[in-house]
Amino acid sequence: HMDIHKENKVSVVIPAYNVGEYIKECIDSLYLQGIQEMEIICVDDASDDSTFAILSDYASNDSRIKLIRHGQNTGAAKSRIEGSELATGKYLYFLDSDDYLKPGALSRLYEVAEDNSLEVLSFSGEAFLDQSMRNIGDRAYDSQAYIRKGKYAGVYTGPELFSEFIENEDFNGNLCFQFILREYYIENNLMNDEHLRCYDDSPFGLYMLAKRAMCIPDALYVRRYRKDSLMTSRMSINRLESMMLMAYKDFELWGSLGLDENVNKNLEIYFNDLYGRLRSTAYEMKVRDYTGGLLDGFPAAKHFFKYYILNKSRLPGLTEAVIERIRESDELVIFGAGKVGRNVSEFLDSEGITDYSFVVSETDGTEKKLRGRVIYELGNAPVNWKRCICIAAVSRSKKKEISESLESMGAVNIVYVS
C-alpha cells in the first residue's frame with residue numbers, strides 16, 4: 001500500500017449522474033495512468049441508477065477515491081466546484097464520467113506541466129459513437145472534433161494561446177481538455193458560478209489570467225457521444241440562460257484586461273461567434289422573450305440577453321402599452337421606409353406583428369418594396385387613416401412636417417419613433 005501522506009500530484013474530479021453503464025470504464029482508465037500519488041474525487045449528483053453503488057464499491061477498495069453524494073440533482077457545475085474545493089493535489093483535472101483517458105495520459109501531462117512550470121496545459125482527444133448512437137449514422141458526429149489542427153510550440157501567456165486557438169479555428173472550450181495548476185485555479189477564483197446549472201464549458205477566465213500556458217498535440221482523451229449526455233441533449237432554457245450568464249461574465253472580464261491589439265482582434269471573433277450561437281439557439285428554441293429565471297439576479301446580463309440576443313431593441317416610443325394597442329388595432333401603417341422604418345419593421349416581426357403596410361410622402365412612381373411589402377405614396381395609400389395606428393418612423397428633424405401631413409390625411413393615432 002502506498003504511503004497516504006505522500007503529496008498528491010493530481011486530483012481528478014469526476015461529476016457523475018446516471019452513468020452506471022460507463023463509470024467503470026472511466027475509473028478503470030485511471031488505474032493505467034502511471035501515477036500513484038493521485039486522488040479521485042467522485043461527486044454523484046443524485047443518480048437514480050447503479051452509479052452510486054458502483055462508485056461505493058470502488059471507494060471501499062481504494063483509499064484514494066473520495067465519494068460525495070448529493071441529495072438532489074444540482075448540475076455538473078456545482079459538482080465540479082465541490083470537487084475542486086476538496087482537492088489537495090498539485091494539479092487539478094476534471095474528467096467526465098462517461099469518457100475516459102488513454103493509458104499514461106496523466107503522467108505525460110504532469111511531466112510537461114512540471115518541466116515548464118505551467119498553470120494551464122491543453123491537449124487533444126478522440127471521439128467515438130456509443131452503441132446508443134450508432135443508428136444515427138454520422139450526423140453531428142466528428143471523430144476528429146477534438147484534434148487540434150495548429151502547432152503550438154513552447155510556452156505562451158494564456159491570452160496569447162487562446163488567441164492562437166481562435167486564429168487557427170482550433171478552439172476547444174471543454175474543461176476536460178485542460179490540465180490545471182490547482183493553486184492557480186483556486187487563487188484566481190476560476191470556479192464557474194454554481195448558478196450555471198448546465199453550461200460550464202467556458203475556460204475563458206482560465207486562459208485570460210494565465211501567465212504560463214501550453215498546448216501539446218497528444219490525443220489523450222476519449223470522448224463518448226451518447227444519447228442524453230449533456231453534450232448531445234437538446235438545449236434547455238436553463239442551459240441557454242447559463243450560457244448567456246457565462247458569456248456576459250467573460251465579456252466583463254475581457255473589458256478589464258487591457259490586452260494587445262492582435263489578441264483583441266481574435267477575441268472579437270470569439271465573442272461574435274458566441275453571440276451568434278446564443279442567438280441561433282434562442283431562435284431554434286423559439287425563445288422570444290425573457291420571462292424570468294436565472295438572469296434575474298444579474299441585471300446587466302439580463303439586459304444583454306433581452307436586447308442584444310433576443311433583439312428586443314425597444315425602440316423609443318414602442319412601449320409595452322403601445323405594442324398592446326397595436327395588437328388590438330384593425331390596421332397598422334409604418335410611415336417612413338428608411339433606416340428607422342426598417343428597424344421598426346424588424347422589431348414588429350420579432351413581436352409576431354406582421355400585418356402592416358409602408359407609406360412615404362412621395363415615390364418616384366415605380367413600385368418599390370421594403371422587406372417584402374409594397375411602399376405606398378401618402379396620397380393614394382389604401383388606408384383608413386381615422387381608424388389605423390400610424391407609426392411615424394422618421395428622424396426628429398422631420399417630426400413637425402410629417403405630423404402636419406399625417407393630420408391632414410385625418411390620422412389620429414400617431415406613434416413617433418425616431
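Against which elements do the buried residues of α5 pack? In this predicted model, the buried residues of helix α5 pack against strand β6, helix α7 (204-208), strand β8 (213-225) and helix α9. Helix α5, which spans residues 158-167, is mostly covered, since 7 of its 10 residues are buried. The buried positions are Gly 158, Pro 159, Leu 161, Phe 162, Ser 163, Phe 165 and Ile 166. After the helix comes Glu 169, whose phi is positive and lies near 50 degrees.

The packing of α5 on α9 can be described by the directions of the two axes and by the residues that meet. The two helices pack at an angle of about 55 degrees, and their axes are 9 Å apart. That angle makes α5 oblique to α9, and the crossing of the two helices is left-handed. On the side of α5, the contact is made by Pro 159, Glu 160, Phe 162, Ser 163, Ile 166 and Glu 167, while α9 contributes Asn 262, Val 263, Asn 266, Leu 267, Ile 269 and Tyr 270. Sorted by class, the contact of α5 with α9 consists of 7 nonpolar, 3 polar and 2 charged residues.

Helix α9 (residues 261-284) also packs with helix α8 (residues 237-255), here at an angle of about 160 degrees and with the axes 11 Å apart. Because angles over 145 degrees count as roughly antiparallel, α8 and α9 are described as roughly antiparallel to each other. The crossing of α8 and α9 is left-handed. From α8, the residues in contact are Leu 240, Met 243, Met 244, Ala 247, Asp 250, Phe 251 and Trp 254, and they meet a set in α9 that includes Asn 264, Leu 267, Glu 268, Tyr 270, Phe 271, Leu 274 and Tyr 275, as well as Arg 277, Leu 278, Thr 281 and Ala 282. The residues of this contact divide into 13 nonpolar, 2 polar and 3 charged.

Aromatic rings were examined next. A search of the whole structure finds 29 aromatic pairs, one of which is formed by Tyr 93 and Phe 123. The ring centres of Tyr 93 and Phe 123 are 6.3 Å apart and the planes stand at 45 degrees, so the pair is tilted. Tyr 93 belongs to strand β4 (residues 91-94) and Phe 123 to strand β6 (residues 120-129), so that the pair ties together parts that are 30 residues apart in sequence. Tyr 93 is buried, with a relative accessible area of 0%, and for Phe 123, which is buried, the relative accessible area is 0%.

A second aromatic pair, that of Phe 162 and Tyr 270, has ring centres 5.0 Å apart and planes at 80 degrees, so the pair is edge-to-face. Phe 162 lies in α5 and Tyr 270 in α9, and the pair therefore links distant parts of the chain, 108 residues apart. Phe 162 is buried, with a relative accessible area of 0%, and Tyr 270, at 9% relative accessibility, counts as buried because the cut-off is under 20%.

Beyond the end of α5, Asp 170 lies in the loop between α5 and β7 (178-181). Asp 170 is buried, with a relative accessible area of 4%. When residues up to four places away in sequence are not counted, Asp 170 touches Ile 147, Arg 148, Lys 149, Gly 150, Tyr 152 and Phe 165, and Phe 165 is also listed among the buried residues of α5.

Methods
Residues numbered from 1 in each chain as written. Predicted model: local features only at pLDDT ≥ 70, side-chain atom pairs only at ≥ 80, totals over all residues. Heavy atoms only, no water. Axes fitted to C-alpha atoms, helices over the stretch in contact; angles between N-to-C directions. Helix = DSSP H or I, 4+ residues; strand = E, 2+ residues; numbered from the N terminus. Parallel < 35°, antiparallel > 145°, perpendicular 65-115°, else oblique. Left-handed = near helix turned anticlockwise from the far one by under 90°. Contact = heavy atoms within 4.5 Å. Nonpolar A, V, L, I, M, F, W, Y, C, P; charged D, E, K, R; others polar. Phe/Tyr/Trp six-rings, centres within 6.5 Å; stacked < 30°, edge-to-face > 60°. Buried < 20%, exposed > 50% of the residue type's maximum accessible area, 1.4 Å probe, protein only.
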